[in-house]
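Please have the structure open while I talk.

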Amino acid sequence: MDLSYSDEQVMLRDSAERFVDANCGADNLRKMRASEEGFSRAYWKQMAELGWLALPFNEDQGGLGGTAVDTNVLMEAFGRGLLLEPYLTTVVMGGGALTAAGGRDDLIGEIIEGNLLLAVGYAEPQARFDLFDVATTARKDGDGWVIDGHKAVVLHGDSADKIIVSARTSGDRRDKSGISLFIIDRGAAGLERRAYPTVDGSRAAELFLNSVRVGANALLGEEGKGLSILEKVSDDAITALCAEAVGAMKVLLDTTVEYTKTREQFGQPIAKFQVLRHRMADMMMEYEQAKSMALVAALKVDSADPVERRKAVSGAKVQIGKSGRFVGQQAVQLHGGMGMTDELSVGHYFKRLTMIDILFGNVDHHLKQFSAAA
Amino acid sequence: MDLSFTPEEIAFQNEVRAWMAANFPADLRAKVEAGEKLYKPDLLRWQKILAAKGWIAPAWPVEYGGPGWTSTQRYIYANEMALAGAPDLPAFGLKMVGPVIYTYGNEEQKRHFLPRILSGEDWWCQGYSEPGSGSDLASLKTRAVSDGDDYIVNGSKIWTTGAHDADWIFCLVRTDDTGKKQDGISFLLIDMKTPGIEVSPIIIINGDHTVNQVFFTDVRAPKKNLIGKENEGWTYAKFLLVNERNGIAQVGHKKHTLRRIRKLASATDMHGGRLADEPGYQTRLAETEVALMALEYSELRFLSGQKTDHAPGTEANMMKVAATQLQQSMSELFIEIAGYYSFPYDGFRDKKGSNEPPVGPAEAGGAMFDFLYGRASTIYGGSNEIQRDVIAKVLLSI
């Protein structure tokens, strides 16, 4: 057994950390959140040139054949830098859905080149965290389909060139079968978007599908078999988000330790106070356990054993939710009033961790998933 | 010992309730229910309504404009106001400097300032914390040097809530640095329009502008606005802090919020059922309600003047810790209701003049805003770490 990074993974980590340290962080975020798309197209091009957009795809798709652990190496660095570019939505989720469905390697090539941005509309207002709760419908119309519904809080749904949505082709709202996936062009007639900023400084959109007509080739994978693809996409996304959260937690831990060593009250650095030393020791323990669980998720997310995969991914999401909350909240607390300011980076990491806790199901949701699998 | 209200107290409760139903403006109620932030014009309008009724300063002595209520009546009043969704008015004049002025100020100061605080003519802000003096408040360095009938003030105050709306600031300033750090502090009232005062906004993590840094450069402040004696300001400062923490339990507001949480969670889908019936959520909601009961009855016990074997006022330290922790767990319950709809967030963009409806259900709107702002509650007014130090030192003598 060896749980250490390979030489290639160390190189990938170093290059990603160099990139985010030079380009990203809170200053970049404050600049970008005022922009139309909320991220930099120029950075996206650079990420393509660095080969990162090709990382998880198979060699016969033109990719690098990276594993989930490789993706986590990147995501951890992205978390460290508050990177805003749509890697999760385009590469992990969109690309993951296309790979799982098969047959659209033409689009994978476009992703790798940096020419195609994707978003996945999986959530609906009533569904909360249940991927199978789909009220959006798609009905056959000649060769193609007509889609009606409302997709909620679609991350980067405003800037994506194409959007993958789940829609019901048969069955009732909460049936697990009868869900199909469709890929829709951003300019499709009847597709209405309402874009908005999100609390972490990124962007999302509500998508309203009013009789959106798509061709037969818009259907991804088999009709009615979309749920297993969505579940795979969700588990890959959770795995990637866990790594991102670990990167964010490390920054908060280091920043907090550094701050308490320099901030003086009562004639000494506040790091000398035992209550704060113990708090930071707890933050470190939370971070280390989160890092272990993020690794477990990456190592088992592709497991053929559904129970093993479920326990690893949901277990990691529970741990990251709890650890992220503790580390984020205590980092703000120990920075005092300064931790509450938009000016310091602490609050931005805290907000991203708060969002990650909710994305793809919060602690309660994944405790339930974990129990059901155990 | 008797838990029940007397017939007179029940009559009073009904009177408050009926008056609120008739006089609390519907548009303000709607804004509060939607979790919208209220700005000064709204708050000032509400203050004038309460001032006209004579209910603006429940704790003030009758001679200065208080209604002359018993502590039980004050409790009933605060509870009814909160349950009706009435917003809190800024505490700086009414609950902080007002009592300092009528307790330690001279006749002229009382005559001039107190009526203007009640009417809302003067809005106040608090000049306590400094960039280098947070938890260690007594180490403050803003200096006031005597110059004839005036002091010349130089230095800076930070986290000054509402300084951009305020007419006056009450400041802790250093007038002597030869002895113990607590001994050279004075309590000085300064007109915010005085030349040399600059207010610089600080944007906090929810995108809001509530706090500021205030810079003083050769600010000339008349000595007639010094409270009490020079170099004895620490005594008045501590008196004020106890008052600040006394109000912090906000049991009525918490009941109002918890009622909203329960109602919304019962109407929110989760796993094919309702969020309120999810075992994890149900447990946390019940724990929160128990904690609120404990807070409420602790407040009542302390209020009822039950004899305790420690210094008066120190219960406030315990109430501060318990209340702020409770407030934070309640805001987490709220975030869970909002779910994905806690993400949409335009707090960093100017919404004034925008008629766009909120994204997602209206009640999700304020969830993230309050959650983020609420992280400050365990920091301000003396961090909870400092409160525990005081509890150990003063209450436990260790």
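Where in helix 6 of chain B does a kink lie, and of about how many degrees? The kink, of about 25 degrees, lies at B:F113, shortly before the proline B:P115, where the bend at a residue is taken as the angle between axes fitted to the seven residues ending there and the seven starting there.

Before I go on, a word on provenance: this is a predicted model, in which local features need pLDDT of at least 70 and side-chain atom pairs count only at pLDDT 80 or more, while totals for chains, interfaces and linings use all residues. Residues are numbered from 1 along each chain as its sequence is written, and chains are lettered from A and ligands numbered from 1 in the order in which they are written.

To stay with helix 6 of chain B, residues 107-119, it has 13 residues and reaches 19 Å from its first C-alpha to its last, close to the 18 Å expected at 1.5 Å a residue; the expected span is 1.5 Å times one less than the number of residues. Helices here are DSSP runs of H or I with at least four residues, and strands are runs of E with at least two, numbered from the N terminus. The buried residues of this helix are B:F113, B:L114, B:I117 and B:L118, a residue being buried if 20 or more other C-beta atoms lie within 10 Å of its own, exposed if 12 or fewer, and partly exposed in between, with C-beta atoms placed from the backbone. Those buried residues pack against helix 3 (40-53) and helix 5 (91-104) of chain B, and just after helix 6 of chain B, B:G120 takes a positive phi of about 90 degrees.

Turning to chain A, the domain assignment, which is automatic or from a database, gives domain 1 (7-117), domain 2 (120-225) and domain 3 (228-373). The C-alpha centres of domain 1 and domain 3 of chain A lie 21 Å apart, and 21 residues of domain 1 of chain A are in contact with 24 residues of domain 3 of chain A, contact meaning that the C-beta atoms, placed from the backbone, lie within 7 Å. On the domain 1 side, the largest share, ten residues, comes from helix 4 of chain A. Helix 4 of chain A has 14 residues, and 13 of the 14 are buried, so it is largely enclosed by the rest of the structure. After helix 4 of chain A comes A:L82, whose phi is positive, near 50 degrees.

Which residues touch the most other members of the largest nonpolar core? Among its 161 residues, they are A:A97, A:F182, A:C242, A:A245, A:A294 and A:A297; such a core is a set of buried Ala, Val, Leu, Ile, Met, Phe, Trp, Tyr and Cys residues joined through C-beta atoms within 7 Å. Helix 7 of chain A, residues 226-262, gives the largest share of this core, 15 residues. A second, separate core of 49 residues includes B:I56, B:L118, B:L172 and B:A221, and B:L118 is also one of the buried residues of helix 6 of chain B.

In chain B, domain 2 (123-231) and domain 3 (250-395) are among the assigned domains; their C-alpha centres are separated by 31 Å, and six residues of domain 2 of chain B are in contact with eight of domain 3 of chain B.

Finally, between the chains, 34 residues of chain B are in contact with 33 residues of chain A. Strand 6 (197-203), strand 9 (269-270) and helix 9 (279-303) of chain B are the elements that give two or more residues to the chain B side.

Notes: Contact = placed C-beta atoms within 7 Å.
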